[in-house]
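Trainee: Could we go through the charged pairs in this one together? I'd like to take it slowly.

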Amino acid sequence: MTHKLIFGAVLAVVGLAGFGFWVYLRDQVDFDVRRLEIVRALTGETAKLQAALSDVEARMAAARVELGAQQDRAAQAAKVARDLEGLSGGLNRLTTDAAQLKENDERRARMRQMEADSLKRVADLQDGLKRTQWEKDGLEIALGRMQMQLKSVEENKSKVLHYAREAWARHGPYVLLIVGLYFLGPPLGRVFLYTVFAPFVSGRSPVLLGAATEVLPEITVSRSSMDLTLGPGDTLWVKEKFLQASDEGLNKRTKTVLDWSMPVTCVAAGLSELIEMHNRTDAATYRATFSSKENPNTELVLVSVPPGASLVMRPSFLAGAVGVGGGKVRIRRHWRLFKMQSWVTGQFRYFEFVGPCRLLVAGSRGVRAEVLTPMPGNLAPARRTNQDATIGFTPGLAYRPVRAETFWAYFRGMNPLFDDLFEGEGVFLCQETSAKGPQEQVRKFWAALWGGVLRIFGL
């Protein structure tokens with residue numbers, strides 16, 4: 001987890017540095033010249049805002065003066081009106097002539113109208129002052145921001161700091177998105193694959209390459225060293241790295257590829273430049289011993305495929321093959337391009353080794369044979385195995401990938417998303433462990449890429 005956090009931080013820094021460099025290349029001007037241009041532009045904008053603010057303050061001052069004058073006018077008009085009401089009311093009305101009373105009433109009415117007009121003007125001025133105050137507040141905020149920006153530009157004399165800020169301002173969200181996808185993308189993808197995609201695939205129809213037969217291959221016990229006998233007329237083809245010893249008397253030569261009908265496949269699977277050992281006698285029996293010279297964890301089994309039987313197997317697990325009675329090993333090829341399982345497992349081609357023949361099979365820490373036969377209470381036997389450990393199976397078994405049994409084992413990378421499920425009657429072979437070979441340990445990326453290519457072609 002620590003390594004992932006460090007890599008995420010490095011990814012963010014490198015991303016911002018790259019965007020900053022891109023911004024620098026886009027500018028294509030001298031940094032100091034551009035900084036001075038920005039300072040001048042910001043200074044001009046600041047001056048405009050200050051002028052607008054001064055104008056607003058002047059308007060507010062004039063409005064306040066007029067507001068005071070209108071309030072005084074309304075108060076004076078109200079006082080005059082009250083005095084006139086006193087002169088025309090009560091006993092004064094009896095002692096005052098009619099012309100004077102009429103004049104007082106008309107003057108009092110004018111004072112009341114003047115008071116009403118002044119009060120209306122006061123309300124308008126107060127509303128205008130409120131709106132002007134809002135305008136002033138907005139200008140002050142904008143001016144403060146502009147002054148802070150101007151100060152920042154004036155103080156920013158570092159090119160690195162400038163372009164780092166520019167990169168963050170323009171592309172910071174994209175960098176955060178990429179880093180977020182780096183941390184959250186794989187876990188969310190695994191959850192989606194396990195909960196949505198894998199159940200959909202598991203429900204598809206299986207791959208069935210042939211009908212079940214009563215005759216099944218015979219498999220020996222897995223050993224680190226295996227002895228093999230060659231009867232009269234038998235021919236053995238074996239990888240040189242597995243041959244340890246052999247009886248004198250066998251006719252030996254180099255076999256360029258195992259089967260000339262598929263030379264590219266043989267080269268890709270390592271079945272090229274084989275040692276061919278032929279027993280030309282009519283009665284003698286010779287013996288050869290095999291074990292891995294490169295990996296002490298590799299063990300061998302001998303699979304005897306009788307007439308009428310066959311075994312579907314990836315050729316990369318084949319260490320050697322024996323053609324009985326001078327015949328060659330027959331290999332059938334099956335393409336399954338339009339099966340969902342093929343696209344999920346990445347294997348579109350299957351190789352069927354047809355009996356009679358004997359196959360020398362190599363696996364990590366041994367090869368185990370699983371026999372599926374009907375039993376009381378289990379008339380439709382089925383068994384699953386780790387997908388990385390599968391070597392081969394008899395064509396009568398229905399084969400399909402099914403979702404791994406436990407989520408956490410898959411989520412933590414301890415188990416593939418899919419296991420191999422075999423149903424029906426037959427035999428399948430698997431390695432005791434799914435350990436990778438030395439090439440995968442040293443060059444994981446290229447080995448994984450090459451392994452994917454081989455799997456596509458069933459190798």
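Mentor: What follows is a short talk about salt bridges. This is a predicted model, where local features need pLDDT of at least 70, side-chain atom pairs count only at pLDDT 80 or more, and totals for chains, interfaces and linings use all residues. Residues are numbered from 1 along each chain as its sequence is written, and side-chain values use heavy atoms, with hydrogens and water left out.

Trainee: How many salt bridges does a search of the whole structure find?

Mentor: The search finds 20, where a salt bridge is a side-chain nitrogen of Lys or Arg within 4 Å of a carboxyl oxygen of Asp or Glu.

Trainee: Which residue does Arg-131 pair with?

Mentor: Arg-131 pairs with Asp-127, and their closest N and O atoms are 3.3 Å apart. The two sit four residues apart in helix α4 (residues 98–155), so about one helical turn separates them; a helix here is a DSSP run of H or I with at least four residues, a strand is a run of E with at least two, and both are numbered from the N terminus.

Trainee: And Glu-370, is that buried or exposed?

Mentor: Glu-370 is buried, with a relative accessible area of 11%; buried means under 20%, exposed over 50%, and partly exposed in between, using a 1.4 Å probe and protein chains only. Its salt bridge partner is Arg-383, at 2.8 Å from N to O, and Arg-383 is partly exposed at 42%.

Trainee: What about Arg-384, where does its partner lie?

Mentor: Arg-384 meets Glu-405 in a salt bridge of 3.9 Å, N to O. Arg-384 lies in strand β15 and Glu-405 in the loop between β17 (398–403) and α8 (407–411), so the pair ties together parts 21 residues apart in sequence.
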